Amino acid sequence: MNKKKKIHPCLKILGLLFVVFMALFIASQSGYYESEVRDKVIVTEEKIKEFESLVQNGKTIDINTFLDNEREDYRSGMSNLGDNLTSSIASVVSVGMDVMTDILKSLF
């Protein structure tokens, strides 16, 4: 009697792609990757002592000489594609919202 309406497979795929897009967008915009990298800056004891001696002697200090920033890049082509796609869609949506705002301002 009550026949359940089946969802078309294309709509399922579109919904799945939307969920993946939103996950990538949120991860990119929240700065999760950058915060993980920032928390892992390694400064050795020997570099700390060298830094303190330079400060005591009043010499010019370049902080980059004391940081160990050599890390492997674990990003893949898919993550770069996701970031680029997210940025592109975000810019299109932003421009679209600006246009809509201008249209609404002109109407009122």
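Of the 108 residues of the protein chain, 6% count as buried, a class defined by a relative accessible area under 20%, with exposed meaning over 50% and partly exposed the range in between (1.4 Å probe, protein chains only).

The structure is a predicted model, in which local features need pLDDT of at least 70 and side-chain atom pairs count only at pLDDT 80 or more, while totals for chains, interfaces and linings use all residues. Residues are numbered from 1 along each chain as its sequence is written, and side-chain values use heavy atoms, with hydrogens and water left out. The average pLDDT of the protein chain, on the predictor's scale of per-residue confidence from 0 to 100, is 80, and 79% of the residues score at least 70. Confidence in the protein chain is lowest in helix α2 (residues 32-39), with a mean of 64, and highest in α4, with 89.

The protein chain contains 4 helices and 0 strands, arranged along the sequence in the pattern α-α-α-α. These elements are DSSP runs numbered from the N terminus, helices being H or I of at least four residues and strands E of at least two. Helix α1 (residues 9-30) has 22 residues and extends 32 Å from its first C-alpha to its last, close to the 32 Å expected at 1.5 Å a residue; the expected span is 1.5 Å times one less than the number of residues. Helix α1 is hardly covered, the count of buried residues among its 22 residues being 1. Glycines with positive phi, near 75°, follow both helices: G31 comes after α1 and G58 after α3.

Within α1, F21 and F25 lie 4 residues apart, about one turn of the helix. F21 is buried, with a relative accessible area of 17%, whereas F25 is partly exposed, at 25%. Rings of Phe, Tyr and Trp (its six-membered ring) were paired if their centres lie within 6.5 Å, with planes under 30 degrees apart counted as stacked, over 60 as edge-to-face and the rest as tilted. By this rule the count comes to 1 aromatic pair. The ring centres of F21 and F25 are 6.0 Å apart and their planes stand at 25°, so the pair is stacked.

F21 also touches T86 and I89, residues up to four places away in sequence not being counted; contact denotes heavy atoms within 4.5 Å. The C-alpha atoms of F21 and L85 are separated by 8.5 Å, although these residues are 64 residues apart along the chain. T86 belongs to helix α4 (residues 77-107) and is buried, with a relative accessible area of 2%. Apart from its neighbours within four places in sequence, T86 is in contact with F21, L24 and F25. The side chain of T86 also reaches the backbone oxygen of G82 at 2.7 Å.

Definitions and conventions:
Polar contact = N/O pair within 3.5 Å; in protein donor to acceptor, adjacent residues only side chain to side chain.
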